[in-house]
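Here are my notes on this model, as numbered points. Please read them with the structure open beside you.

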2 protein chains.
Amino acid sequence: MKRPTIIDIAREVGVSKAAVSYALNGRGGVSARTRQRILEVAAEMGWRASSAARALSSDRAASVGIVLARSPEVLHTEPFFMQMVAGLERTLSEHGVSLQLALATDTATELATYQHWWAERRVDGVVVTDLRVSDPRPRLLRELGTPTVYFGIAHPMPGSSVLRGNEHDVARTALAHLAQLGHRRIGHVQGPRDLQHTVRREEALREAAEEFDGVVLSQASGGYTEEGGVRATRQLLAARDRPTAIVYDNDVMAVAAVASADDLGVRVPADLSVVAWDDSMLCRVVRPAVTAFAHGVAQDAATAALMLLELVETGAVEDRELSPRRLVSRASTAAPGSQQNDNGEN
Amino acid sequence: MKRPTIIDIAREVGVSKAAVSYALNGRGGVSARTRQRILEVAAEMGWRASSAARALSSDRAASVGIVLARSPEVLHTEPFFMQMVAGLERTLSEHGVSLQLALATDTATELATYQHWWAERRVDGVVVTDLRVSDPRPRLLRELGTPTVYFGIAHPMPGSSVLRGNEHDVARTALAHLAQLGHRRIGHVQGPRDLQHTVRREEALREAAEEFDGVVLSQASGGYTEEGGVRATRQLLAARDRPTAIVYDNDVMAVAAVASADDLGVRVPADLSVVAWDDSMLCRVVRPAVTAFAHGVAQDAATAALMLLELVETGAVEDRELSPRRLVSRASTAAPGSQQNDNGEN
DNA sequence: CTGAAAGCGCTTACAG
DNA sequence: CTGAAAGCGCTTACAG
């Protein structure tokens, strides 16, 4: 089946191809009657503008990109990424813009991807997540001139737009919840040390801890994986003053710890309360179910998409904030030494 | 930063732009010396061919598409989809081909997506999953002439290529495992009734059941969701001859049932053994952990990608088979009436 | 081995 | 209100 072009339409209607273009793009220069006829014929033929031709002449790719820079393991177990991708795609497609997706396992590959995307005019802009400590990406993207929205960053980025994170609220809420239950020695199993938000969460928890009398923090790195989460938990529990509660930087590590409670020699929540910084089905199905901070990833992704579209269009857009996280209290948190809950699953 | 074109390179080197194009595409028509110089200058300038210009003149989008046609809920909880997307992208990007991703919540939208992609020359081909009963997609794609690889289909598709599923092997292995433990009344909680592979799995289990003396099947539909899985389980357990084991069409439903065992009034595996047709972290972290069929989604996605690339290139490719699923036996399956396992979690 | 030219399918000033 | 023409950045026969 030959795909029709505006020349086919022009021939059928008996006008020039410029007239067809004007009519199809809703611009002046064609009589209402002719426009109507052109639209009919185009619809009848199943015509759609060639994305390549349009991109070439309009200098717009009508596409934006995101690089997922995580190990396959984390990518597959954390629902966050699919929610992010789905949320972006849904909003973008409503605006006729498509999403370019790439994976990267190392920084060099990721940088090359941005460079190639931009040089090939494949994208009009990008969304960047998971900023790392001394991250080379902002510099490259600034040099290239690629419009960029940074997702979940603490500080404004000169020349770019930011969807700000809310670590301090979460940290305060988490500690308030645990302190109220009577916990004072609180552990923190962290994500990868090279991620900026790992550092920010650590700081946020430290600052929040000062607001609560006698709360003492201890930290260990778990790298977002199941094995890492269990290992870090074991490490924290080995201290003389072992924590009675642990905050995990993601759902995967928290759930892995709960699932390995027997191996770790603890009962949850009697010996150890568990809080996850992310919520997902994982937190709901383990026993005890895990107290977690839910957040609207799809909504935040939609916001990021809209910000990027405006940034591409106008060259600037106001920074915004991620939607607030909500504490979902479940059976994994209780007073230290509390009895088993009525499910008897601990 | 102005993005360089072949004209900039031609000017710098002092040759025609055709010569530049030949050199960059490794074709004849340029001396080795000139070619060398052109490649150097191109690299120095950070030049990459404009994807739009190349697509327009070569009539190749260098892009293939996949539509994810599931509810956001299923999309976000089943790790399958991200593994699929990641597997495709990884292989495609090695061949310089990008992946177009779209979501669709209804058939009309999905059909429109294929039509638009093709009319806009956005994709050179598509991968189609989750064929439905009396599915309108093959007809549309055949009419459009879009090269298509069908993922996990039972029968050959005239004019297209198929990555065949292996329901019969799984069904036989599942029943063998359960029958050997002493189960005879076996339930089957199914996925959405409108999916072809739901029907095929039902048939496969029925056929396999005939190979095992006295095995009786009972079925209920769970629609792949947590709520649906629990509801269907309750329904099967309400029968006079309630099953002592249930096979679930996905991990989400199986895990939801295990997590709701108390509500359902059963102990797993003492009163009910549980098997999931898919494996994931969910199956590992619930207690008891769920016996499941693992499969190499990333590998199968890579195979699908390679098949599609060849199909686009040559117009034909041999059908192949999905990689075999492997039974991962865990604590959720045991002899009917068996004692609690040593974890004491049941 | 090399260059001038046409063409891919659009968009968009510019004349009429 | 309409049409002829140039241009976006490539590829690729076709002459030399």
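1. Start with the buried side of α15(A). Its buried residues are Val297(A), Asp300(A), Ala301(A), Thr303(A), Ala304(A), Ala305(A), Met307(A), Leu308(A), Leu309(A) and Val312(A). Keep in mind that this is a predicted model.

2. What do the buried residues of α15(A) pack against? In chain A they meet one helix segment, α6 (80–94). They also pack against the strands β1 (63–68), β3 (125–128), β4 (148–153), β5 (161–164) and β11 (320–321).

3. Check the length of helix α15 of chain A, residues 297–314. It has 18 residues, so at 1.5 Å a residue it should span 26 Å. The end C-alpha atoms lie 25 Å apart, which agrees. Just after α15(A) comes Gly315(A), with a positive phi of about 90 degrees.

4. Now step back to the whole of chain A. It holds 15 helices and 12 strands. Of its 346 residues, 51% are buried. Take the contacts between residues at least 6 apart in sequence: 70% of them join residues at least 24 apart.

5. Look at the overall form of chain A. The C-alpha trace spans about 85 × 45 × 30 Å along its principal axes. The radius of gyration is 26 Å, whereas a compact globule of 346 residues would have one near 20 Å.

Definitions and conventions: Residues are numbered from 1 along each chain as its sequence is written. Chains are lettered from A and ligands numbered from 1 in the order in which they are written. This is a predicted model: local features need pLDDT of at least 70, side-chain atom pairs count only at pLDDT 80 or more; totals for chains, interfaces and linings use all residues. Helices (H or I, at least four residues) and strands (E, at least two) are DSSP runs, numbered from the N terminus. The expected span of a helix is 1.5 Å times one less than its number of residues. A residue is buried if 20 or more other C-beta atoms lie within 10 Å of its own, exposed if 12 or fewer, and partly exposed in between; C-beta atoms are placed from the backbone. Two residues are in contact if their C-beta atoms, placed from the backbone, lie within 7 Å. The radius of gyration is taken over C-alpha atoms; the globule rule is 2.2 Å times the number of residues to the power 0.38.
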